[in-house]
Amino acid sequence: MGRNIIINIITTICLILVQVLICNHIMLFNIAMAFVFIYVLISLPMNLKTNYLLTWAFLAGFIVDIFSDTPGVNALACTLLAISKKPILFAYIPRDDRTKNIEPTLSSLGFGVYGKYLFTMVAIYCFLVFTIEYFNFADIKEIVVLTAASTVFTFVVLLGIDSLIVKK
């Protein structure tokens, strides 16, 4: 367990650095942004205690907020994403698999289940980020466009990241 924690910490630090140094400065067609750092939250094992998961999510979002000048937006969105992680995955897997220690990855779940799970998680995160950032529904059209474009862009990037990671 200790080795996995160290690997997750290193992965989190690397993805946060990629997020704040590269991805925060790239807007595809001026409407789509990739949120690569949420990959760690999405792929953490399901047997991780809720306290650790929520703390991990809050700290990851808080660090991105510090470097992105978005006070609390990512911290809140990551925490809410961590809360919804288990129910979303359990909606897509058979009832018998819920007791197993599942690490949600492309290799462990297969493309069908993992694709639905990843897309749902990314869509929720993007919707939360843009809704919190705008904080009103007067710009609902812009929120929907930004959410849809960023969801598709982030989904493709995270699928690429997941396919590069080879696990035993």
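Where is the place of Pro 71? Pro 71 sits in the loop between helix H3 (50-68) and H4, where helices (H or I, at least four residues) and strands (E, at least two) are DSSP runs numbered from the N terminus. This is a predicted model, in which local features need pLDDT of at least 70 and side-chain atom pairs count only at pLDDT 80 or more, while totals for chains, interfaces and linings use all residues. Residues are numbered from 1 along each chain as its sequence is written, and side-chain values use heavy atoms, with hydrogens and water left out.

**Pro 71**
- Pro 71 counts as exposed because its relative accessibility is 74%; buried means under 20% relative accessible area, exposed over 50%, and partly exposed in between (1.4 Å probe, protein chains only).
- Between the C-alpha atoms of Pro 71 and Ser 84 there are 22 Å, and the two residues are 13 apart along the chain.

**Pro 104**
- Pro 104 belongs to the loop between helix H4 (73-92) and helix H5 (106-109).
- Its relative accessibility is 0%, so Pro 104 counts as buried.
- Leaving aside residues up to four places away in sequence, Pro 104 touches Ile 42, Ser 43, Leu 44, Pro 45, Met 46, Lys 85, Leu 89, Leu 109, Tyr 114 and Tyr 117, a contact being heavy atoms within 4.5 Å.
- A separation of 21 Å lies between the C-alpha atoms of Pro 104 and Leu 128, which are 24 residues apart along the chain.

- Val 18 is located in helix H1 (residues 2-21).
- With 32% relative accessibility, Val 18 counts as partly exposed.
- Ile 9, Ile 13, Leu 17, Val 18, Leu 21, Ile 22 and Ile 26 make a nonpolar surface patch of about 610 Å².
- Patches are made of residues with over 30% relative accessible area and no salt bridge; like charges are joined within 9 Å, and nonpolar side chains (Val, Leu, Ile, Met, Phe, Trp, Tyr) within 5 Å.
- A salt bridge is a side-chain nitrogen of Lys or Arg within 4 Å of a carboxyl oxygen of Asp or Glu.
- Accessible areas come from the Shrake-Rupley method with a 1.4 Å probe, and for residues only the protein chains shown count as cover.

- Phe 29 is in the loop between H1 and helix H2 (38-43), and its phi is near 55 degrees, a positive value in a residue other than glycine.
- Asn 30 is in the loop between H1 and H2, with a positive phi near 65 degrees.
- Most residues other than glycine have a negative phi.
- Phe 29 counts as exposed at 72% relative accessibility, and Asn 30 is exposed with a relative accessible area of 63%.
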